Amino acid sequence: MRMIVSICVVAYEEEAYLPELLADICAQTYPRQELEVVLVDGGSADRTRELMEHFRDQEKGFFGVQVLDNPKRSQAAGWNVAFSHFRGDALVRIDAHGRIPRDFITRNVELLEQGEMVTGGRRTNVIKGGSAFKELLLAAENSMFGSGIAPCRRKGKRRYVSSLFHACYRREVLKKAGLMDERLGRTEDNEFHYRIRQQGFRICSDPKISSFQYARPSLPAMLAQKYGNGYWIGITTYICPGCLSVHHYVPGLFLGGIGAAALLAGAGHRLPGRLLCWSYGSLCGLITAADLADRRKLSALFLSPLCFLLHVSYGLGTWAGLLDVRRRRQILREPARCAQCDGV
């Protein structure tokens, strides 16, 4: 028998996305009898729990299917529930908004059998629906200029990275690293993978492994997501700065640069503002031209303004997090559960 792999999904009111992901799990080429499915529900008011229980009751041949509760609802708390109950030799984390190809588990296991401890690959964004505006939102999400600078979004050769989306971990990695820090939101992955690296493990990204993530389907939803991401970058700066990279601060620095240039212009020093506008405008032009050549759609002309809005939203969130003293003090007073690893 090959290793038992536990596929874990944490969800809260995801009835629109969960059926496709569950179908992907059933379609895996890895032997079903060596797959465990762990589904964690955060008290959903829609049909999420019903779909999970139906899957548990109807799908046969798996090593096991568990449906568990996450009363705290947060992602970190949900993953800790999964970490504490899975029974496999390795655990795969799949976001409820995600999709995985048929060979996803097989390719990860191949890397584990070669001696790797944490594995994964490229994560590409997709979107539901095919309207021109949704395609534009997707282009902005996938653009390196928009938010696609993270290594997990880029093509390339096999390499070791600082973090992964939809990662696979050997049991001994989780046992040594412990649970996720439930004080964090949006950045719990960064801190968790930082702690894994501090324990001496390497995180292997292979271009042969791919997965997908549904992008937010509307501009307000995407702007809210970027603001939240930026906010938790600001908060995490005071809790675990080592888990963050320079690119996490670029939108905040950009927004700060706009503010500084405006103040200098008011004092009669217009050159910094002109240089900033010229640099940003040139970059916008290059990105728009590249996307126009790639997609050959006039909607590409709106890509740069959309990316600008995403940058501003993320940057505002970063500064809000950095300046939220009350929230920071509250979090720092709370004990971190990350050292506990009951059941792992």
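Some terms for that. Buried means under 20% relative accessible area, exposed means over 50%, and partly exposed lies in between, using a 1.4 Å probe and protein chains only.

Before I go on, a word on the model. This is a predicted model, with local features needing pLDDT of at least 70, side-chain atom pairs counting only at pLDDT 80 or more, and totals for chains, interfaces and linings using all residues. Residues are numbered from 1 along each chain as its sequence is written, and side-chain values use heavy atoms, with hydrogens and water left out.

Back to Glu-20. What does its side chain meet in a salt bridge? The partner is Lys-128, at 3.3 Å from N to O. A salt bridge here is a side-chain nitrogen of Lys or Arg within 4 Å of a carboxyl oxygen of Asp or Glu. This pair links distant parts of the chain: Glu-20 sits in helix 1, Lys-128 in the loop between strand 6 (118–126) and helix 5 (132–142), and they are 108 residues apart. Helices and strands, by the way, are DSSP runs numbered from the N terminus: H or I of at least four residues for helices, E of at least two for strands. Lys-128 is partly exposed too, with a relative accessible area of 27%.

In total, the structure holds 16 salt bridges. Here is another. Glu-59 bridges to Arg-32, with the closest N and O atoms 3.3 Å apart. Again, distant parts of the chain are linked: Glu-59 is in the loop between helix 2 and strand 3, Arg-32 is in the loop between helix 1 and strand 2, and 27 residues separate them. Glu-59 is partly exposed at 27%, and Arg-32 is partly exposed at 26%.

Asp-57 and Arg-56 form a salt bridge as well, with the closest N and O atoms 3.1 Å apart. Bridges can also share partners: Glu-20, Asp-24, Arg-99 and Lys-128 are joined this way into one network.

Now the strands. Strand 2 (residues 35–41) and strand 3 run parallel, joined by six bridges. Two strands pair if DSSP finds at least two bridges between them. Leu-39 stands opposite Val-67 in strand 3.

Is strand 3 largely enclosed or open? Five of its six residues (64–69) are buried, so strand 3 is largely enclosed by the rest of the structure.

Next, the inside. A nonpolar core is a set of buried Ala, Val, Leu, Ile, Met, Phe, Trp, Tyr and Cys residues joined through side-chain atoms within 4.5 Å. In the largest core, of 32 residues, Val-5, Val-9, Ile-25, Phe-55, Ile-94 and Ile-105 touch the most other members. Helix 4 gives the most to this core, with five residues.

Let's look at Val-9. Contact means heavy atoms within 4.5 Å. Leaving aside neighbours within four places in sequence, Val-9 is in contact with residues including Leu-18, Val-38, Trp-79 and Ala-96. There is a second, separate core of 27 residues, which includes Cys-8, Val-10, Val-40 and Ala-76.

So what about helix 4? Seven of its ten residues are buried, so helix 4 is largely enclosed by the rest of the structure. Among the buried ones are Phe-104, Asn-108 and Leu-112. What covers the buried residues of helix 4 includes strand 1, strand 8 (168–170) and strand 9. After helix 4 comes Gly-115, with a positive phi near 110°.

Last topic: rings. The structure holds six aromatic pairs. Rings of Phe, Tyr and Trp (its six-membered ring) pair if their centres lie within 6.5 Å; planes under 30 degrees apart count as stacked, over 60 as edge-to-face, and the rest as tilted. Tyr-17 and Tyr-214 form a tilted pair, 5.1 Å centre to centre with 55° between the planes. Tyr-17 lies in the loop between strand 1 and helix 1, and Tyr-214 in strand 9, 197 residues apart. Both Tyr-17 and Tyr-214 are buried.

Why is the pair of Tyr-231 and Trp-232 edge-to-face? Their centres are 5.7 Å apart and their planes stand at 90°, so the pair counts as edge-to-face. Tyr-231 and Trp-232 are both buried. Finally, Phe-83, Tyr-169 and Phe-192 form one aromatic cluster.
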